Amino acid sequence: MGFVSYLAYLLIAYGPSITIFILYISRSAQLVILVVSSAFFWLISILISSIYWFIANLVFKYEKLENANSDKDYYKRIIYLMLISVLSVFTQELFRWLFWKLLNKAEAGLNAMSEKPKSPLNKYHFSFASGLGFGVMSGLVSYSTVLADSLKPGTILCGACPTMPMPFIAALITSIFVLLHIVWSIIAFNAFEKKEKLLIAWVFIGHLMASLATILTYTDRMKFGCPICFVILVSILGYTTYIAFKRFTKIKMA
Amino acid sequence: MNNNENRNNNNNNNNNIYSNQNEASTSTSEEDPKLKQELDEYIRNQKELLSSPMDDISQEEYSKILKEYRALFNLYRQKQITPEQKITLNEHHQILVKYQYQHLNPEQQQNYLLQQREQAKIRKIKEQQQKKKDMYDNLRYYAKEISSIIRPVILCICLSILWVKLTRQVDTSLITSTDIDIIGGSNSSGNQDGDEAEGFNFKGLLNSFLNAGLIIGNIVIATFVILLLFKFNCSKVLYGLFMFTVFMLIGIFGYNLLSTLIYIYNIPMDWITLIIFMFNLSIVGVIVIFWKGPSKIQQGYLILMSSLMAFSLTGLADWTTWILLALLACWDLIAVLCPFGPLKMLVEHSDNNKQMIPQALIYSTMIWMMAKDVRINIDGNSKNKDDGEIYELNELKQVSSIQIDESEASSQGSTQELIDSNQRNSYKEDYKINIKDNTIREVNEDDQQEEKISYNKQKAKQDDDDDDIDNDDTSEKQSLTNRKNSIKHNSEQQDGIREEEESNKDEGEDEGLKLGLGDFVFYSVLIARAAMHDWITTFACAIAVLFGLTVTIFLLSIYQKALPALPISIVFGIIFYVISSFMLGSLMEYLTRIPVVENNMKNYSDLKLDYNNGCSFVYL
């Protein structure tokens, strides 16, 4: 059973990205390069946020809270989690912007490398690929340990929703986040180029909201924490995808 | 003349891709000052040339020359022209044009010059576009190269991760790093070092330094030995060494790995079967790598070999591995970039003596194994084939570089271009440059010639002629592409060899280093080392290494000479390893909060969790 569920989690979490990679990315050289380099950028951003965490840990001593059960400690823990996620989201978006800067410089070369140098869709290809890089890397870093642990004997249940195994919830969240990263990249790159502050803000806020929503899986104090988290994630995904595709069709018409 | 200048520009620009890009992007706009100035100068030159005094020739003489000229031109079109005839063609052409020009009235002269100017402008713009396209072709070529090289690297990395995970999963004590103190010969201090890698004991550190130094020393010595063998043409000895190494490597390391796996998973198998199996495996490996075999299998063997090598290197202790990797990166830098670095000398030597490109000797250790000097190979090959032909080819290439149009600037062109640039960069510069100068001049003349011809006949029938010339061009181009195709074909044949080459590189490394190696191996060592830590570190290191590889290849496309592939990747890898193993892992643990139950498995008391501390998955 352990192995079967392991496979299921693996496919739920990484299935979409693997499919996209094999069917779409691996066919063109420059997209592969983009995926690798954007993954590298995301990695830098997460390393920086882990440095924040390391420093904060030295100051606040989170580790001591691990085994404490009082209400105060519980709220402290939640607050620390929120703090980390805000900082981390900020860093990630910063690096998305930096990567866009880099991409902007290399765009002429990348354009010329592609099959149709003058196609207006090239930009979308590039932003899609870099979003995939961000998403895949974040998925790998966040979920791989949990996935590996799910092979061990025993089932771990989710805190917020004690009837579901935690790796399963985590797999769903991961796959949603991979898709979200793709859509965010498409919107953000487009918005950076046209300097649409509203959309940039939406990407940032959406990321923040999604990240904070996952904290809901942590507790049973709030009823229906898990479903609410998923509702929030899916609605963000839906709305963001809607925006992205609206732009996309506009470009196609023009 | 002006064209010459252009060409020079072109060359200069090729040296620096970025400046090229800038220039190309700025100068395609209409009539910017620089272009204008160049054009004016060109026209002035033309004018001077045309109005220089000439012997007066009569009408009959003129028509005679014209006749001859046409005959020659036909020959030229059919590409059956000899160089001497070409020279006479040129002379005739000059005479004709001058004659015509000096018999025009001033207005017509003015007109003519204006037309010339327009043509020159169009040509120049085309040229610039061409330049741009060449650069992009170059880039595209390297991008393809990257994606084709990344696959085997990823495969090799995955294989070595797999070995590590398979052997660690069950019984960690079997394979864990026991640093055998090679120097002291005793095992005790090494154990200490291995077990408490965190505990910063000076003796352990010193030991690992010594161990790493020892390995590096072996590598250095082996590199020099290979260089010497190569230099003194002992190809048989080298072949023998390589074969022996490949055989031993697959056989012994494969046996080690398999017997460990058998031991761990309790597979019932006797050692006689195992030995026969390994013997067959390694014999087939040697045959496939050194003689012939499907390229896929060949590649598979190479990857398998590197991953085995990497796996066996994970037996070293933590510190030893890191010090070894850092030292290797330095050694790589020295060996490839220093003027007397052995690897550089090796490359030079193989360039200078084209007779020995025997694939087995291409021992491109950790350097450009990515750069994959197929190109140098093609180069050497075609030259060996026929010097005269390459002469012609060069010339044609030159023509093509101006006139080829969009559809034909395919990757073939780019490879040609690359060969070209490679030649430029390679060490037989004087020889090459001589040829080039000749061809450039000649081609330039050709150019003018054509252009003037077109003017010449414009008088009679304008459009047709242009078309004719175009046809002429295209036919030329076609033949050119044919040639390219043949060369391309050649290179495809070479492709098979290329893998072999790679193999030999690998073997070379294995051979050269006694402990085996090469980029594949050391990348895999780094990542296998990370895989012994945890998954997050593994992925971080893998991405860092791949990114380093990509950056290296891009640098390669800019500098176009052998570059060490290890340093960038290794530096990234080490930095990422340190940060992610110290910080990222604990951050992720904090975010996911899986309770540790293993210690309390017996009484199951901790399996039930307090919800406040319960499991969660916070995604950043």
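**Helix pairs and a chain interface**

Helix 12 of chain B passes helix 20 of chain B in a right-handed crossing. Start with this pair. The model you are looking at is predicted. Two packed helices are described by the angle between their axes and by the distance between those axes. Helix 12 of chain B covers residues 295–313, and helix 20 of chain B covers residues 519–531. Their axes lie 8 Å apart, at an angle of about 45 degrees. Helix 12 and helix 20 of chain B are therefore oblique to each other. Which residues make the contact? Helix 12 of chain B supplies B:I303, B:S306, B:M309, B:A310 and B:L313. Helix 20 of chain B supplies B:F520, B:V521, B:F522, B:S524 and B:V525. Eight of the residues in this contact are nonpolar, two are polar and none is charged.

Now move to chain A. Helix 5 of chain A (residues 166–194) packs against helix 6 of chain A (residues 197–213). The axes are 8 Å apart, and the angle is about 160 degrees. An angle over 145 degrees counts as roughly antiparallel. Helix 5 and helix 6 of chain A are therefore roughly antiparallel to each other. Is their crossing left-handed or right-handed? The crossing of helix 5 and helix 6 of chain A is left-handed. From helix 5 of chain A, the contact residues include A:F177, A:L180, A:H181 and A:W184. They meet residues of helix 6 of chain A, among them A:L199, A:I200, A:V203 and A:G206. By class, this contact of helix 5 with helix 6 of chain A has 11 nonpolar and four polar residues, and no charged ones.

Next, look at where the chains meet. In chain B, 48 residues are in contact with 66 residues of chain A. The area buried between chain B and chain A is about 5,200 Å². Carbon and sulfur atoms give 72% of that area. In chain B, B:Y590, B:F617 and B:Y619 lose the most area to chain A. Together these three account for 18% of what that side buries.

One helix pair spans the two chains. Helix 2 of chain A (residues 29–60) packs with helix 22 of chain B (residues 566–592). Their axes are 9 Å apart, at an angle of about 60 degrees. Helix 2 of chain A and helix 22 of chain B are therefore oblique to each other. Helix 2 of chain A passes helix 22 of chain B in a left-handed crossing. On the chain A side, the contact includes A:F40, A:L43, A:W53 and A:F54. On the chain B side, it includes B:F572, B:F576, B:M583 and B:Y590. The contact has 16 nonpolar residues, four polar and no charged.

Finally, turn to the salt bridges. How many are found across the interface of chain B and chain A? The rule finds zero there. Over all chains, the structure holds two salt bridges. In one salt bridge, the side chains of A:R96 and A:E93 meet, 3.0 Å from N to O. A:R96 and A:E93 are three residues apart in helix 3 of chain A (residues 71–113), so about one helical turn separates them.

Key: Residues are numbered from 1 along each chain as its sequence is written. Chains are lettered from A and ligands numbered from 1 in the order in which they are written. This is a predicted model: local features need pLDDT of at least 70, side-chain atom pairs count only at pLDDT 80 or more; totals for chains, interfaces and linings use all residues. Side-chain values use heavy atoms; hydrogens and water are left out. Axes are lines fitted to C-alpha atoms, for helices over the stretch in contact, and angles run from 0 to 180 degrees between N-to-C directions. Helices (H or I, at least four residues) and strands (E, at least two) are DSSP runs, numbered from the N terminus. Angles under 35 degrees count as roughly parallel, over 145 as roughly antiparallel, 65 to 115 as roughly perpendicular and the rest as oblique. A crossing is left-handed if the near helix is turned anticlockwise from the far one by less than a right angle, and right-handed if clockwise. Contact means heavy atoms within 4.5 Å. Ala, Val, Leu, Ile, Met, Phe, Trp, Tyr, Cys and Pro count as nonpolar, Asp, Glu, Lys and Arg as charged, and the others, Gly among them, as polar. Buried area is the accessible area (1.4 Å probe) that two parts lose on being put together, summed over both. A salt bridge is a side-chain nitrogen of Lys or Arg within 4 Å of a carboxyl oxygen of Asp or Glu.
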